[in-house]
Amino acid sequence: MKIKNRLSLLFTALTAAILLIFAALIYVSAATNRETEFYKSLKKEAITKANLFFNAKVDSKTLQTIYLSNREVLNEVETAIYDTSFTLLYHDAISIDAVKESQQMINSIRNKNLIEFYQKDWQVVGLKYTFEGKNYIVIATAFDQYGYSKLKSLGKNSLIMFICAIIFIYALGRFFSKKALTPIVEMNDKAKNISATNLHLRIDSTGKDELAELAKTFNQMLERLEQSFEAQKDFVSNISHELRTPLSTIITELQLAVIRERNLEEYKTVIHNVLVDSQKLAKLSNSLLDFAKASYDPSVITFKEVRLDEILLDAQNQVMNSDKLFTISLAYEGNIDEERFVKGNEYLLKTAFINLMENACKFSIDKHCSITIAIQQDSSILQFKDKGIGISEEDLHKIFTPFYRGKNKVLADGNGIGLPLTKKIVELHHGTISVETGDHSGTTFEVILPNSKD
């Protein structure tokens, strides 16, 4: 069900409930007032008839004649007068006797002085009347045809007005809900036109209401998506470039090798060149796979308690074995026997440390990387230092951008994946990475990782 219809029905139902309660209260109040007023009228009629009988000494036949004459035109009050011993002194129509008085009824009136009750739809009032020092019982009854007719008319008119009001309120509700939801309809129409090819489009977010806030949030999401799409395009373009270069080189080397016969040394040279380019492709592929793994949802990556020093030692051995010119030293600050546990993924952490070690060794004048480990109460601090030429201010804020390579790229091979991958891995472990550098004063990468909590 659409929100417009739901709001209209909800508004109508709520208003209908309020109107129904209001109408019910009015009807009940009218019925109660009718009953109370008619009891008062019966009491007056009873006293009047008793005054005529006792004080005015009007004979019974005359009173009965008046009653029977009026009864043909309107619902005349039927009155009966008894003494306290249940002796009938007067009755308007004993043949009719709508009340059917009893000794128990007379005793109840004598004890309570006044009683009011229903005899079917007829209202009855019984009261004690005193004349010349003696007590008498006067009972009056009648059917309030006029009151019931008014009450019935009130109920009928209320029902008609209720139905008309519900129809009017529903129509009004649909009109106002449509008007209130017009901005949402416009936002929906605008959003339908936004696709991957025109993410630059935005929804109107003018105003200060909740819909404007929703539009602003949606526009912010579009901005993030647009940035993500642009980054993805750049990423794919860079990957294509990085893959094309070694592949083109391999193809060219092999094509030249098959054009004519060559001696053994020349074939060895071709094979060596193809092997180097293949190794670059393999390294790039592994880096891309690691980059993708570091971009996974953390919930699908296995985390457990690992020792930082053991991972660093494994990374050190792997880097030094990959290039015999590289040297790496580790230094510990504080208690050397203190356990250095973090909660993380061993493979990813090792990959990040290898990248930092290789970078330091490649750009250091002496091919050396010095690592310092400091354990604090809540975190572990690792510093990777080299003695290279440093990073320029222009390149410093771009070094964590995938495939970006600074001015010092001429000093060492690379594909611009290592540092962005390292940053993703560190952030995946809820850590931070920062860099300090200066012209010809070396570079220090500092990694802070939260310690594992028991």
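Glutamine 119 has tryptophan 122 of strand 4 as its bridge partner. The structure is a predicted model, in which local features require pLDDT of at least 70 and side-chain atom pairs count only at pLDDT 80 or more, whereas totals for chains, interfaces and linings use all residues. Residues are numbered from 1 along each chain as its sequence is written, and side-chain values use heavy atoms, with hydrogens and water left out. Strand 3 (residues 114–119) and strand 4 (residues 122–131) run antiparallel and are joined by 6 bridges; strands are DSSP runs of E of at least two residues and helices are runs of H or I of at least four, numbered from the N terminus, and two strands pair if DSSP finds at least two bridges between them. Isoleucine 115 has glycine 126 in strand 4 as its bridge partner. The hairpin of strands 3 and 4 has 2 residues between the strands, and lysine 120 takes a positive phi near 60° there.

These strands belong to an open sheet of 5 strands in the order 2-1-5-4-3, paired in the antiparallel sense. Strand 2 (88–91) and strand 3 each have a single partner strand and stand at the edges, so one side of each lacks a neighbour in the sheet. From one strand to the next, the twist averages 20°, with axes taken as lines fitted to C-alpha atoms (for helices over the stretch in contact) and angles running from 0 to 180 degrees between N-to-C directions.

A second hairpin is formed by strand 9 and strand 10, with 3 residues between them. Strand 9 (residues 368–375) runs antiparallel to strand 10 and is joined to it by 6 bridges, with isoleucine 375 opposite serine 380. Strand 10 also pairs in the antiparallel sense with strand 12 (residues 443–450), over 7 bridges; here phenylalanine 384 stands opposite phenylalanine 445. Of the 7 residues of strand 10 (residues 379–385), 6 are buried, where buried means under 20% relative accessible area, exposed over 50%, and partly exposed in between (1.4 Å probe, protein chains only).

The count of salt bridges is 5, each defined as a side-chain nitrogen of Lys or Arg within 4 Å of a carboxyl oxygen of Asp or Glu. One of them joins the side chains of aspartate 309 and arginine 307 at 2.7 Å, N to O. Aspartate 309 is buried at 8% relative accessible area, whereas arginine 307 is partly exposed at 23%. In the salt bridge between aspartate 366 and lysine 387, the closest N and O atoms are 4.0 Å apart. This pair links distant parts of the chain, 21 residues apart: aspartate 366 lies in the loop between helix 9 (346–363) and strand 9, and lysine 387 in the loop between strand 10 and helix 10 (393–396). Aspartate 366 is partly exposed at 38% relative accessibility, while lysine 387 is exposed at 54%. Glutamate 427 and lysine 423 also form a salt bridge, with the closest N and O atoms 2.4 Å apart; both residues lie in helix 11 (residues 418–428), 4 residues apart, about one turn of the helix.

The structure holds 0 disulfides, a disulfide being a pair of cysteine sulfur atoms within 2.5 Å. Cysteine 361 is in no disulfide, and the nearest cysteine sulfur, that of cysteine 369, is 5.2 Å away. Cysteine 361 is buried at 0% relative accessibility, whereas cysteine 164 is partly exposed at 44%.
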